[in-house]
Each structure stands twice: as structure tokens, then as C-alpha cells.
Amino acid sequence: MLNISASRKHKKGTLELDIAPLIDMVFILLIFFLVTTSFVKETGIEVTRPTASTATVHSKATILIAVDNQNRIFMDHREIDIRAVRANTERALAENPEGAVVVVADTASSTGTAIQVMDGCRMAGATNVSLAAALPEGQ
């Protein structure tokens, strides 16, 4: 006959669980999600955009520069001077040469400030510079 109690005593040793494949799989998933995630840089301030019925969606807007209602300029969550727009845009274009520059100007901001920002971006070498607008309600 089969002695069950003797076989249980023999198998009562320590159980080992090999978690190395699980750790490998978690790291592979982590790398996959890091590579496939697109990182969007925000300007750091809330801006009321003007509306335009001909506004189009820009999918490659990687460099955002904001002008608030007091004509202050923000880029990457920090305020910059109008003279630093060119240098900051050059640095951002060096990181992403194919990136488009979008100037997000508040409706109460000065047109002159927005034009100076766009001019600084073009002097930095940006070929695709646009001004952000919101679609009107109902479109």
C-alpha cells in the first residue's frame, strides 16, 4: 500500500518560487510603456485662447510657449524673458529637431508680444511656428 503520511513528511521541505521571470516581464512592460508614451510638455499657466472657426488640430505640437494676459512669457513651467525666447527655443529644437512651435497667447495679451515671441522662434530656426486658437462652441 501507499503510505501517504510518509510521502507528506518527505515533501514538507521548503517551497521555492522563482520570481526572476516575473521581474523580467515587469521590466519589459515598463520599457514598452516608456517607449510608447508620448510626453507632452505644458506651458505651466492657464491661458484663455481666442476662438477661430478655421482652427485645426496640431498633432506635433512639442514646443509650447505661452503669453498670459499680463504679457508674461512662460515655457516649461517657468517664466522667461522675451530676450530668452530664442535661446530656449534653440535648446528645445536641439532636443527635438522635428518639433513644431505653438505660441499659446491669451486673448487679453498684446499682439506685439505674441509677434515678438514668434519672431524669436523663427530666428532660433523653427520652421513650423503657429498660434494656438480654440474652436468655437458647437464645432
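**A loop residue and its surroundings**

Visitor: What is the relative accessible area of I82?

Guide: I82 counts as partly exposed, the class between buried (under 20% relative accessible area) and exposed (over 50%), with a 1.4 Å probe and protein chains only. This is a predicted model, in which local features need pLDDT of at least 70 and side-chain atom pairs count only at pLDDT 80 or more, while totals for chains, interfaces and linings use all residues. Residues are numbered from 1 along each chain as its sequence is written, and side-chain values use heavy atoms, with hydrogens and water left out. The relative accessible area of I82 is 29%.

Visitor: Where in the chain is I82 found?

Guide: Helices (H or I, at least four residues) and strands (E, at least two) are DSSP runs, numbered from the N terminus. By that numbering, I82 is found in the loop between strand 3 (78-80) and helix 3.

Visitor: Which residues does I82 touch, not counting residues up to four places away in sequence?

Guide: Contact here means heavy atoms within 4.5 Å. With residues up to four places away left out, I82 touches I73, T113, Q116 and V117.

Visitor: Is T113 buried or exposed?

Guide: T113 is found in helix 4. Leaving aside neighbours within four places in sequence, T113 is in contact with V67, N71, I73 and I82. Its relative accessibility is 12%, so T113 counts as buried.

**The fold and its core**

Visitor: What pattern does the protein chain follow, read along the sequence?

Guide: The protein chain contains 4 helices and 5 strands. Of its contacts with a separation of 6 or more, 72% are between residues 24 or more positions apart. Read along the sequence, the pattern is α-α-β-β-β-α-β-α-β.

Visitor: Which residues does V129 touch, not counting residues up to four places away in sequence?

Guide: V129 is among the residues with the most contacts inside the largest core. Without counting residues up to four places away, its partners are V101, V103, M118, C121 and R122.

Visitor: How wide an arc around the axis do the buried residues of helix 3 cover?

Guide: The buried residues in helix 3 are V85, N88, T89, A92 and L93. They lie on the same side of helix 3, because their arc, taken from the directions from the helix axis to the C-beta atoms, is only 135°.

Visitor: How far apart are the closest N and O atoms of E90 and R86?

Guide: E90 and R86 both lie in helix 3, 4 residues apart, which is about one turn of the helix. An α-helix has 3.6 residues a turn, so residues three or four places apart point the same way. The two form a salt bridge, that is, a side-chain nitrogen of Lys or Arg within 4 Å of a carboxyl oxygen of Asp or Glu. The closest N and O atoms are 3.5 Å apart.

Visitor: Which residues do salt bridges that share partners join into one network?

Guide: R91 and E95 meet in a salt bridge, at 3.7 Å from N to O. Both lie in helix 3, 4 residues apart. Salt bridges that share partners make one network of D76, R91 and E95.

Visitor: How many salt bridges does the structure hold?

Guide: Another example is the pair D81 and R83, whose closest N and O atoms are 2.5 Å apart. D81 is partly exposed at 35% relative accessibility, whereas R83 is exposed at 71%. The number of salt bridges in the structure is 5.

How values were computed: A nonpolar core is a set of buried Ala, Val, Leu, Ile, Met, Phe, Trp, Tyr and Cys residues joined through side-chain atoms within 4.5 Å.
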